[in-house]
Amino acid sequence: MTAPSDTHLVSQAAVGDREAIAALYDRHAPVLLAVAMRILRAREDAEDALHDVFVSLPRRAKHYAEHRGSVLAWLAIVVRNTSIDRIRRHGRAVEAERTVEAEPPPSAVRADPEKDAHKSSWRERVRGVLAQLPDAQRASLEAAFFEGLTYSQIAERDGVPLNTVKSRCARGMIAMREALAAAGIKSLDGTND
């Protein structure tokens with residue numbers, strides 16, 4: 001018997017299926033925790049943000065749109081936004097870090113070496129595509145997704161209009177999707193389905 005797809009699990013989560021929520025958590029928690037850690041810097045805060053996301057998943061799952069991206073990419077954005085909201089609520093500043101790598105924490109269990117090799121290869125392709133974007137697009141995407149800055153904060157920091165930042169990020173994401181699709185990757189989480 002094959003495991004249910006992420007899309008099926010999200011649709012089940014939308015109606016309050018706790019087993020579906022647990023399955024999504026088991027599949028994606030290490031990567032999502034790494035996203036939260038990048039922004040919040042403290043493991044306890046990152047774990048709290050992740051908890052908040054999964055507790056609110058039945059309500060949030062109704063907003064998932066398969067045509068806009070994979071479940072993992074959607075969850076990563078939800079975790080990112082939740083983490084930024086936590087910073088705003090607590091009035092803490094985010095330290096900017098200029099790296100692209102978002103590895104799972106060392107404590108994450110790596111049970112499947114083949115899957116890990118695939119993910120590592122995928123990350124290298126994403127880094128390569130990101131490196132080929134125009135500097136302004138790359139910097140805006142890195143600030144938004146790896147530093148946890150909002151578009152408004154990026155605009156203020158870079159001294160450009162808000163709509164310029166939004167368009168840079170949108171164009172950068174489109175260019176990344178196209179380049180990855182040309183490499184046989186159909187979604188930004190590395191899956192080919």
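Visitor: Leaving aside neighbours within four places in sequence, which residues is Pro 58 in contact with?

Guide: This is a predicted model. In it, Pro 58 is in contact with Ala 13, Ala 14, Gly 16 and Ile 21, once neighbours within four places in sequence are left aside.

Visitor: And where is the place of Pro 58?

Guide: In helix α4, residues 57-60.

Visitor: How many Å separate the C-alpha atoms of Pro 58 and Val 15?

Guide: They are separated by 6.2 Å. Along the chain the two are 43 residues apart.

Visitor: What is the relative accessible area of Pro 58?

Guide: The value is 23%, so Pro 58 is partly exposed. Buried would need under 20%.

Visitor: Zooming out. How many helices and strands does the chain have?

Guide: The secondary structure comes to 9 helices and 0 strands. Read along the sequence, the pattern is α-α-α-α-α-α-α-α-α.

Visitor: What share of the residues counts as buried?

Guide: Of the 193 residues, 40% count as buried.

Visitor: And among contacts between residues at least 6 apart, what percentage joins residues at least 24 apart?

Guide: That comes to 64% in this chain.

Visitor: Let's do helix pairs. At what angle do α1 and α2 cross?

Guide: Roughly 140°. Helix α1 covers residues 6-13 and helix α2 residues 18-40, and their axes come within 8 Å. The two are therefore oblique to each other; roughly antiparallel would take an angle over 145 degrees.

Visitor: Left-handed or right-handed, the way α1 passes α2?

Guide: The crossing is left-handed. On the α1 side, the contact is made by Asp 6, Leu 9, Val 10, Gln 12 and Ala 13. On the α2 side, Ala 20, Ile 21, Ala 23, Leu 24, Arg 27 and His 28 take part.

Visitor: How do the residues of that α1 with α2 contact divide?

Guide: Into 7 nonpolar, 2 polar and 2 charged.

Visitor: Next pair. How far apart are the axes of α2 and α3?

Guide: They are 9 Å apart, and the helices pack at an angle of about 140°. That makes α2 oblique to α3. The crossing of α2 and α3 is right-handed.

Visitor: Which residues make the contact in α3?

Guide: Arg 43, Asp 45, Ala 46, Glu 47, Ala 49, Leu 50 and Phe 54. Their partners in α2 include Ile 21, Leu 24, Tyr 25 and Leu 32. The residues of the contact divide into 13 nonpolar, no polar and 3 charged.

Visitor: And α2 with α5, at what angle do those axes cross?

Guide: Roughly 40°, and the axes of α2 and α5 come within 9 Å. That makes α2 oblique to α5. The crossing of α2 and α5 is right-handed.

Visitor: Which residues meet there?

Guide: Among them are Leu 24, His 28, Val 31 and Leu 32 in α2, and Val 71, Leu 72, Leu 75 and Arg 80 in α5. The residues of this contact divide into 14 nonpolar, 2 polar and 2 charged.

Visitor: On to the cores. Which residues touch the most other members in the largest nonpolar core?

Guide: Phe 54 and Leu 57, in a core of 30 residues. The elements that give two or more residues to this core are α1, α2, α3 (43-55) and α5 (71-90). The largest share, 10 residues, comes from α2.

Visitor: Beyond neighbours within four places in sequence, what is Phe 54 in contact with?

Guide: Ile 21, Leu 24, Tyr 25 and Leu 32. There is also a second, separate core of 16 residues, which includes Val 129, Phe 146, Ala 155 and Leu 180.

Visitor: Now backbone angles. What is phi of Arg 41 near?

Guide: Near 70°, a positive value in a residue other than glycine. Most residues other than glycine have a negative phi. Arg 41 lies in the loop between α2 and α3. At 33% relative accessibility, Arg 41 counts as partly exposed.

Definitions and conventions: Residues are numbered from 1 along each chain as its sequence is written. This is a predicted model: local features need pLDDT of at least 70, side-chain atom pairs count only at pLDDT 80 or more; totals for chains, interfaces and linings use all residues. Side-chain values use heavy atoms; hydrogens and water are left out. Axes are lines fitted to C-alpha atoms, for helices over the stretch in contact, and angles run from 0 to 180 degrees between N-to-C directions. Helices (H or I, at least four residues) and strands (E, at least two) are DSSP runs, numbered from the N terminus. Angles under 35 degrees count as roughly parallel, over 145 as roughly antiparallel, 65 to 115 as roughly perpendicular and the rest as oblique. A crossing is left-handed if the near helix is turned anticlockwise from the far one by less than a right angle, and right-handed if clockwise. Contact means heavy atoms within 4.5 Å. Ala, Val, Leu, Ile, Met, Phe, Trp, Tyr, Cys and Pro count as nonpolar, Asp, Glu, Lys and Arg as charged, and the others, Gly among them, as polar. A nonpolar core is a set of buried Ala, Val, Leu, Ile, Met, Phe, Trp, Tyr and Cys residues joined through side-chain atoms within 4.5 Å. Buried means under 20% relative accessible area, exposed over 50%, partly exposed in between (1.4 Å probe, protein chains only).
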